[in-house]
Amino acid sequence: MSNSKPDAKRDSSGMQAMTRAIAAILVLLVLTGLVFWVYPDNFYPWAKAIHVIAVIAWMAGMLYLPRLFVYHCAAPVGSPQSETFKVMERRLLRAIINPAMIVTWVFGLWLAWKGFAFQGGWLHAKIALVLAMSAVHGYLSAAVRRFAEDRNEKPARHWRIVNEVPTLLMIAIVILVVVKPF
Ligand code: HEM
């Protein structure tokens with residue numbers, strides 16, 4: 001049920017969100033370079049702070065997106081509500097979730113190298129769980145595309161269950177990195 005006009009509108013709003021996300025990453029890189037220049041010997045805690053800020057943004061999006069899918073399931077195909085959900089989902093993914101994941105990975109890997117030389121059972125377990133989180137991210141991105149094309153076939157109950165997966169992974173990841181139990 002699509003014609004070229006809504007498609008063009010969708011593409012331009014998606015492009016805008018992506019352009020803003022790229023601009024935000026560039027600004028962050030410049031600020032990070034500045035902090036590194038001013039505090040070359042004390043950069044680790046700054047990198048950890050940026051990592052945690054990015055984690056919060058990534059998790060906020062990963063917890064909100066499946067919730068949007070639950071409500072989207074109740075909106076009839078072609079209705080104004082359904083079209084609004086599509087815009088919200090696309091912008092959330094492109095402007096928040098994707099860039100936040102990139103920043104989390106870049107700074108997480110740097111911390112793991114600089115602080116721990118990639119050693120430690122807790123770190124290996126954490127990276128494995130973050131890979132699982134990234135796989136959920138990929139699954140949700142594919143779902144955004146399916147909803148945008150009115151091809152979602154999963155019921156609201158499915159998205160309610162999917163909503164719990166990032167929550168459980170996040171709890172395990174935070175315990176591993178803070179407690180470092182092994
Ligand atoms: C992308 C892969 C990731 C890697 C390689 C990574 C690695 C690390 C490392 C090495 C630290 C520093 C630990 C320390 O100095 O004691 C750290 C801090 C932290 N990470 Fe990650 N991380 C990743 C993703 C995540 C994710 C997805 C979450 C949460 C869902 C997370 C939550 C945290 C928290 C809360 C801290 C601060 C811990 C503290 O200061 O006690 N990280 N991360």
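I started at the ligand and found 22 residues around it, the closest being Trp105, Gly108, Leu111, Ala112 and Val130. I then asked which elements supply the shell: α2, α3, α4 and α5 each give two or more residues to it. The largest share comes from α3, with 8 residues. By type, I get 16 nonpolar, 4 polar and 2 charged residues in the shell. I note here that the model is predicted.

**Overall layout**

I looked up the secondary structure of the protein chain and got 5 helices and 0 strands. Along the sequence the pattern reads α-α-α-α-α. The C-alpha trace spans about 55 × 35 × 15 Å along its principal axes. Of the 182 residues in the protein chain, 23% are buried. I also checked the range of the contacts: of those between residues at least 6 apart in sequence, 85% join residues at least 24 apart.

**Core**

I looked for the largest nonpolar core and found one of 21 residues. Ala54, Trp58, Leu65, Ile97 and Ala100 have the most contacts inside it. The elements giving two or more residues to this core are α2 (43-73), α3 (80-116) and α4 (121-148). As a general note, nonpolar side chains tend to be buried together in soluble globular proteins.

What does alanine 54 touch, leaving out residues up to four places away in sequence? I list Ala100, Val103, Thr104 and Phe107.

**α2**

I listed the buried residues of α2 as Ile50, His51, Ala54, Val55, Trp58, Met59, Gly61, Met62, Leu65, Pro66, Phe69 and His72. Ala54, Trp58 and Leu65 in that list were already noted among the residues with the most contacts inside the core.

**α3 and what follows it**

I did the length check on α3: it has 37 residues and reaches 51 Å from first to last C-alpha, close to the 54 Å expected at 1.5 Å a residue. I also found a kink of about 35° in α3, centred on leucine 93.

Just after α3, alanine 117 takes a positive phi of about 50°. I then moved to phenylalanine 118, which is in the loop between α3 and α4. Its phi is positive too, about 60°, although phenylalanine 118 is not a glycine. For reference, most residues other than glycine have a negative phi.

Is phenylalanine 118 buried or exposed? I count it as exposed, because it has 11 C-beta neighbours inside 10 Å and the cut-off for exposed is 12 or fewer.

**α4 and what follows it**

I read α4 as 28 residues reaching 41 Å from first C-alpha to last, close to the 40 Å expected at 1.5 Å a residue. Which residues of α4 are buried? I have Lys126, Val130, Met133, His137, Leu140, Ala143, Val144 and Phe147. These buried residues pack against α2, α3 and α5 (156-179). Val130 is buried in α4 and is also one of the closest residues to the ligand.

α4 is followed by aspartate 150, which I place in the loop between α4 and α5. Phi of aspartate 150 is positive, near 55°, in a residue other than glycine. I count aspartate 150 as exposed because it has 12 C-beta neighbours inside 10 Å, and 12 or fewer is the cut-off.

I looked up arginine 160 in helix α5. It has 14 other C-beta atoms within 10 Å and is therefore partly exposed. Between arginine 160 and alanine 148 I get 19 Å, C-alpha to C-alpha, for a separation of 12 residues in sequence.

Valine 165 also lies in helix α5. The C-alpha atoms of valine 165 and valine 52 are separated by 20 Å, the two residues being 113 apart along the chain.

Notes:
Residues are numbered from 1 along each chain as its sequence is written. This is a predicted model: local features need pLDDT of at least 70, side-chain atom pairs count only at pLDDT 80 or more; totals for chains, interfaces and linings use all residues. A nonpolar core is a set of buried Ala, Val, Leu, Ile, Met, Phe, Trp, Tyr and Cys residues joined through C-beta atoms within 7 Å. A residue is buried if 20 or more other C-beta atoms lie within 10 Å of its own, exposed if 12 or fewer, and partly exposed in between; C-beta atoms are placed from the backbone. Helices (H or I, at least four residues) and strands (E, at least two) are DSSP runs, numbered from the N terminus. Two residues are in contact if their C-beta atoms, placed from the backbone, lie within 7 Å. The expected span of a helix is 1.5 Å times one less than its number of residues. A residue is near a molecule or strand if its C-beta atom, placed from the backbone, lies within 6 Å of it. Ala, Val, Leu, Ile, Met, Phe, Trp, Tyr, Cys and Pro count as nonpolar, Asp, Glu, Lys and Arg as charged, and the others, Gly among them, as polar. The bend at a residue is the angle between axes fitted to the seven residues ending there and the seven starting there.
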